[in-house]
Amino acid sequence: MKKLIAMTLSLAMVLSLAACGGGTKESSTPAPVESSAGTDVETAATTFGLKPFETRQTLRVGYFAGSAHASPFYIADVKGFFDELNVDVEYEPFTNGPAMMEASSSWDVATAGAAGDLVGMLGYDLICVGVADYEKNMGLFVRPDGGLADKNPEDWKGTTWLYPTGTNAQMILGGELNELGLSFDDIESVNMDIASALTAFKGGQGDGIAVWNAIATSAEDAGFVRVDDAGSLDITVFNGFMATPEALSDRRDLVKMAWEVYYLTWQWCNESDANMAEATALYLESCENEGIACDEHTAEVVMGYYACPSVSEVYKLMTETSADDAGLYTSRDLLQAEKDLLVTMDFLISVGKYTNENRNTILDNKMMDSSIAEECIAEMTDMGVVFK
Amino acid sequence: MGSAPETKKLTQEQRIAMVQEKKRRTQRLYLTLSIIGILVFLLIWEIASDAGFVNSRYLAAPSTIFKLFITKLTDPNPDGAVLGVNILASLQVSLTGFFLAIIVGIPLGLLMGWYGGFESFVRPIFELVRPIPPVSWIPLTIVWLGIGLPAKAFIVFFSAFVPCVINAYTGIKQTSPVLINFAKTCGASNFTIFWKVGIPSSLTMVFAGVRVALGNAWATLVAAEMLAASSGLGYMILMGRQFARPDLILLGIVVIGIIGVTFTAILGRVENRVLGWKK
């Protein structure tokens, strides 16, 4: 009889703990792995060798739906890498950077393209603490029978291009026009979000589109010709790992944990083909969860393009300094990551979207902060975490 | 006993002039109060901004918006078009959609309200379409109409069309049965009664619908220009968002507001002229 009572009580306790551990996620997030809450945190073995929090934490992630650079958060969540560290993940999904930055009060960390990062820094005091991606899959697409694929400058004059203005897509188009000896005055630009641009382009509107990620791959699959992309034009397209000032001051350990797990998860993805295949399947799953059009082929291509730096690489990017290439800022040497971000900034200044004053604001206020990278590397070294 | 003071007898014209002068004075007083209200509001806003009660990066001060207004008259940055071009582009979109809504919506509502058979035929479709938010038409609009003026005007049309239909329908439904019966007694045909009794008596409601439609048309402008644009006030607001420029967003909002008020005033004058016989 005592055994029966003991078993019943144990079962009730297990069920109540499980219920407590899995109730904080948004509907679009994956089903959590079984909670490890209540385990001996000091002795628990974790995948990356990181030390779990003593009490359960909630990490709020600004999730850029459909972007490969957001996928490490999702992969880590589904694989239980966060859970074993006593961290729950709450997602706030977005499909464009500026909206994500406006809603920064609802997240602690996020990844976004340079245009969004700049809005976050200038408008909402957000801090860039890492590099999330150097996006190569940001391309220009034309119709196979439109005559523009030959890149004859005369044919390009007067053409209509659909793309989101003020983003890296505009920078890529600017790079192409520059190569052809043209400028934005020679073409007509129509501001559209990338999904709508592809829909309109399929419907016969415009002569070309500038789009990225899954939409770029979909454009290619639809039979449109990739004229050039960030890779072929050799243009640096920076994507940042952002954190809110509140999170950095009040939940700094959680931000550091997010940073470590993010890069270590990408390291895990690259450890074997099987891991990468699983990561690709999870990227596809995240797209489906967020209503982003994607299929297996697209997911493979997008993840193939994903150029997240390794832990060591991001540390270098966030700590190595040299003089401003443009020679405009002389107060101090700039971080390599800062210089990469400034590629987009300087382009946007050249087309009148920002000013040099904005540029100086970012640099004077050190809105690219290397301290998180430094602290994380020190911590991981102390803990004996293996990183590349 | 002294005699009562002699009261001045006013002529009819003097009485009318006196009443009109009193009315004018009241109107001037109300106008002054309105202007003072706006100025006080702007002053509080400016002081709150200058004193740092509100972060200027989230809410630009009126003086900043005014300075930007002056700058945007000649400077196309950061959105790529000067203010005049943005206003003209938006006027083109909103007025095209608005007038289309009037041309289609009012006759439709009047016919639905007068002819039972037509109402039975059209109303189920209208009731199905009516609650659909105009913005939800954007993806299909791109496929059907592309990304040019027709597409954007269609989004505006949808927001302005519904009040035109409903008010015209309600207005003509409320036609006095006495007037209808009188016309019938005089031998008027159904169409003549519709034309000469139904439509005139519905005009008050029709104008109320047009006012609502005008407001909706301007309110949907940003959504319409979200579809695709290279200029326009809605586009300017979107670019303000893109570059974290609250001053640009507020300038767009203020200009849309001022144009909306101007059009409402013009509409009020047209209404007074058309419906003068009813007042």
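**View 1. Chain A as a whole.** Chain A holds 17 helices and 12 strands, where helices (H or I, at least four residues) and strands (E, at least two) are DSSP runs numbered from the N terminus. This is a predicted model, in which local features need pLDDT of at least 70 and side-chain atom pairs count only at pLDDT 80 or more, while totals for chains, interfaces and linings use all residues. Residues are numbered from 1 along each chain as its sequence is written, chains are lettered from A and ligands numbered from 1 in the order in which they are written, and side-chain values use heavy atoms, leaving out hydrogens and water. Of the 388 residues in chain A, 56% count as buried, meaning under 20% relative accessible area with a 1.4 Å probe, protein chains only. Take the contacts (heavy atoms within 4.5 Å) between residues at least 6 apart in sequence: 77% of them join residues at least 24 apart.

**View 2. The five-stranded sheet of chain A.** Here you can follow an open sheet of five strands, in the order S2-S1-S3-S10-S4, with mixed pairing; two strands pair if DSSP finds at least two bridges between them. Strand S2 (87–94) and strand S4 (127–134) stand at the edges with a single partner strand each, so one side of each has no neighbour in the sheet. From one strand to the next, the twist averages 25°.

**View 3. The S1 and S2 pair.** Eight bridges join S1(A) and S2(A), which pair in the parallel sense. Look for A:Phe64, which stands opposite A:Phe94 in S2(A).

View 4. S4(A) runs antiparallel to strand S10 (residues 238–243) of chain A, and six bridges join the two. A:Gly130 faces its opposite number, A:Phe241 in S10(A). Helix H11 (residues 252–269) of chain A lies across S1, S2, S3, S4 and S10, at about 10° to S4(A); axes are lines fitted to C-alpha atoms, for helices over the stretch in contact, and angles run from 0 to 180 degrees between N-to-C directions.

**View 5. Where chain A meets chain B.** Chain A brings 25 residues to the contact and chain B brings 20 residues. About 2000 Å² is buried between them, 53% of it from carbon and sulfur atoms; this is the accessible area (1.4 Å probe) that two parts lose on being put together, summed over both. A:Asn191, A:Gln205 and A:Lys353 lose the most area in chain A, together 24% of what that side buries.

How values were computed:
Buried < 20%, exposed > 50% of the residue type's maximum accessible area, 1.4 Å probe, protein only.
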